[in-house]
Amino acid sequence: MTISRRGFLKGVTGSAVVLAAGIPSVEAKMSTELPSEAVGLLYDATLCVGCKSCMVNCKTKNSVPGGALYKDGVVPGVVDSLLCRKSDKTEAMKSPPYETKTIAGNEGIWDASQDLSGDTLNIIKAYRNGTGEMKDSPTNGHAFFKQQCLHCISPACVSVCPPGALIKDPKSGIVYYDAYRCIGCRYCQLACPFNIPRYEWSSPWPEIRKCQLCRHRIAEGKYAACAEYCPTGATIFGKVTDLREEAKKRFAMKPGTIYDFPVQTFDSKSTSTRPVAAYADKIYGLTDAGGTQNLMLSAVSFELLGFSKDIPASALPDLTWAYIAKIPWVFLGVFLGGTSLYAITSRKNKNGTDKGDHHD
Amino acid sequence: MIDFTTYAGPKIGNALNKLLDDRHSRHLGIKMDTPFTRVLVFLILGAAFVAGYRVIFGLGASTNMNDYWPWGLWIAFDVLGGVAMAAGAFMIAGAVYILNLKKYKCIARASILNAFFGYLLAAISITFDVGRSAVIWHPLIMWQINSVMFIVALHLVLYLTTLATESSPMVFEKLGWHRALNAVHRIMVGAVMFGVALSLLHQSSLGANYLILPSKLSPLWYSKHIPYMFLVSALMMGFSMVSFETILTGKVFNHQVPKNVLEGLAKGIVFFGSLYFAMKLGTVISGPGLGVLLHDGFLSFMWLLEMAVGVVIPVMLLAKTSSRKNIETIFVASILVILGVLLNRLNVGVFAVSSYANHVGSDYFPSIMEFVLTAGMIAFAILGFKVCAKYLNLFPDTGH
Ligand code: SF4
Ligand code: SF4
Ligand code: SF4
């Protein structure tokens, strides 16, 4: 034997303890609390007229440096990633990423997004049933609904991202994306219960695209473009605590009550006065996936609108954390258990044969 | 034999000469230039082409994955399957070096090398699967410990290093580097323990990747215990893989393996197979209920197929002591387990999200290029193993 067994055992036990203690555990768990200054959107489908002004402005206002659709060329993107630094490009893009090839006969004419995509962060879709006459009626009616990132309080996408390219702002709670970190593994797409993140499948240096709640505009003292350009007050921007109260108030009101709906922001002076609709089952986002910062109201139930009904009402990252927290113990267990087994079995062997501890 | 000292100078040339000396493995009768090898090389070239195409034109041009089906064949088969196939190594290494079960020593080198190639296959495939291959190392410096994938990435690198360390004596031996050999021997037991810990975690972590999908993964496969089911099925696969390749290399390279080794391995298959069966059944009963096995159409069929092929039939085949003495029975049972566990990984990785993805109007079937890359990677692993069997002393205690 080249080194003494005692020395070896000591070394192994020592390194196991260091390993187990060196892995930070408790503080690393993701928060399930609403951040102090959390902001979000309240989308009330019963006010939405399907004008898509929010979509148009989402696209243009995000195609500027800092915006969620802004992108450098491939080469600077690769270089930034390789050197692990944020992009500092400020040149304007040639054009916002319009989707002009999605339907036949529309070669290069207008932006016709069919779904969320690598080029579309926010989409208004229509629900139709029977004759489609009555607005907001589940049968023989029609309704609009909005799809975009809901800015989860405990976002699955952030928790699964291996290099931490998706980040939840600790103050505003906005879930944003740091492109240079991303490795393009698409785990965020798989993990998001609302299936929001989209990928630039056709790019050789693809990015993940999703709504970042106009974080770049908030930094300039403005707010989300979709809310600013919504003429009806269907989409409003505000503090999450306020929006929750507002949503609960509307939900509790008797259908038909005349109400002053704020337009653009929760505390806006301009309002739109009209009767309150009969809301369906629930306020979407209060508890879904542990709660989201964007909230939604609708007169047609969310299940009929195509929202998954299987999403748990608790924070998803907790499911993985329960597993991850056990990892240091596995190392400790294997090293302690393995060392003692090794000690026992080699002693036994020594008594028998003398072919001791040199294996290869 | 070519004398490399004339081409590469005395130092490197000598080392090359020693490495390429295959006297010790002559009795195995491995021929390099066979039709089979040519097929392998052809497949590898195909994969290399796909890899290049994929890097230049992106994932959309080369695969059929999409926003609703972000992970496809490469993750499900190459990564989940390749890693599961490599489970034999840490078990055999642990048995030989930690538990001092000397009888398994004759197959230790082969199974460690096999695992090395399994992991290499997984590592190369995932490099091309991520959209930004050139920065796949980011997680190693940008830690994000809430992510199971980060943990998998870290383990993959550490474990590849460990496997390389565990295999290195074969190379050092040939080169006659005694100092290096001694150094490796000294840390061997520690390295093996590290490898065991990493493997336990790695195998279960691949299952833990799916913990966050309670609303997307079919209830036939989703369970809070999916990490442990991945681990137990990997152990079952490990025993099968080792006995499969022991019998196979015995047949192809004509060397003999002690029967009691195979018997021990077969017992392992039965034990872990039964445990796995109980876990799988328990999940279905406590989750969606047994009825789902009949009512969920295609998915039920896939579940039943996976269980029949990979668990029920092989365990029944090996249940009797007498059948565990029959090499042919063990061979067949091992192959079934391997196929069954691979099918399980495909089910989890591809099919189990289908009902969710179909609901939102999406579909997925791997593209030709996805198949070509996967086939090439398998060929690469086989060829690599063959080359090593020829030039390294893989079966030290058998034959001569
Ligand atoms: S909705 Fe999806 S993408 Fe948005 S924060 Fe939640 S998990 Fe992330
Ligand atoms: S694709 Fe990018 S953002 Fe999404 S999980 Fe992977 S590294 Fe993170
Ligand atoms: S949310 Fe507002 S801007 Fe968007 S479509 Fe509806 S009414 Fe128009």
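A salt bridge is a side-chain nitrogen of Lys or Arg within 4 Å of a carboxyl oxygen of Asp or Glu. By that rule, 1 salt bridge is found across the interface of chain B and chain A. The side chains that meet in a salt bridge are those of B:Asp129 and A:Arg186, at 2.8 Å from N to O.

The model is predicted: local features need pLDDT of at least 70 and side-chain atom pairs count only at pLDDT 80 or more, while totals for chains, interfaces and linings use all residues. Residues are numbered from 1 along each chain as its sequence is written, chains are lettered from A in the order in which they are written, and side-chain values use heavy atoms, with hydrogens and water left out.

The interface also holds 36 residue pairs in polar contact, both residues at pLDDT 80 or more. A polar contact is a pair of N or O atoms within 3.5 Å; within protein, one must be able to donate a hydrogen and the other to accept it, and residues adjacent in sequence count only if both atoms are side-chain atoms. Helix H9 (residues 178–208) of chain B gives the most to the side of chain B that touches chain A, with 16 residues. Helices (H or I, at least four residues) and strands (E, at least two) are DSSP runs, numbered from the N terminus.

Contact means heavy atoms within 4.5 Å, and here it takes 73 residues from chain B and 77 residues from chain A. The area buried between the two chains is about 6500 Å², of which carbon and sulfur atoms give 63%. Buried area is the accessible area (1.4 Å probe) that two parts lose on being put together, summed over both.

A:Trp205 lies in the loop between strand E7 (198–199) and strand E8 (208–209) of chain A. Its relative accessible area is 7%, so A:Trp205 is buried; buried means under 20%, exposed over 50%, partly exposed in between (1.4 Å probe, protein chains only). Beyond its neighbours within four places in sequence, A:Trp205 is in contact with residues including A:Lys71, A:Val74, B:Arg132 and B:Ala134.

Within chain A, helix H2 (residues 53–62) is mostly covered, with 7 of its 10 residues buried. Those buried residues pack against strand E2 (123–128), strand E4 (141–147), helix H6 (215–218) and helix H7 (225–228).

Chain A also has an open sheet of 3 strands in the order E9-E1-E12, with mixed pairing. Strands pair if DSSP finds at least two bridges between them. Strand E1 (residues 39–44) runs parallel to E12(A), joined by 3 bridges.
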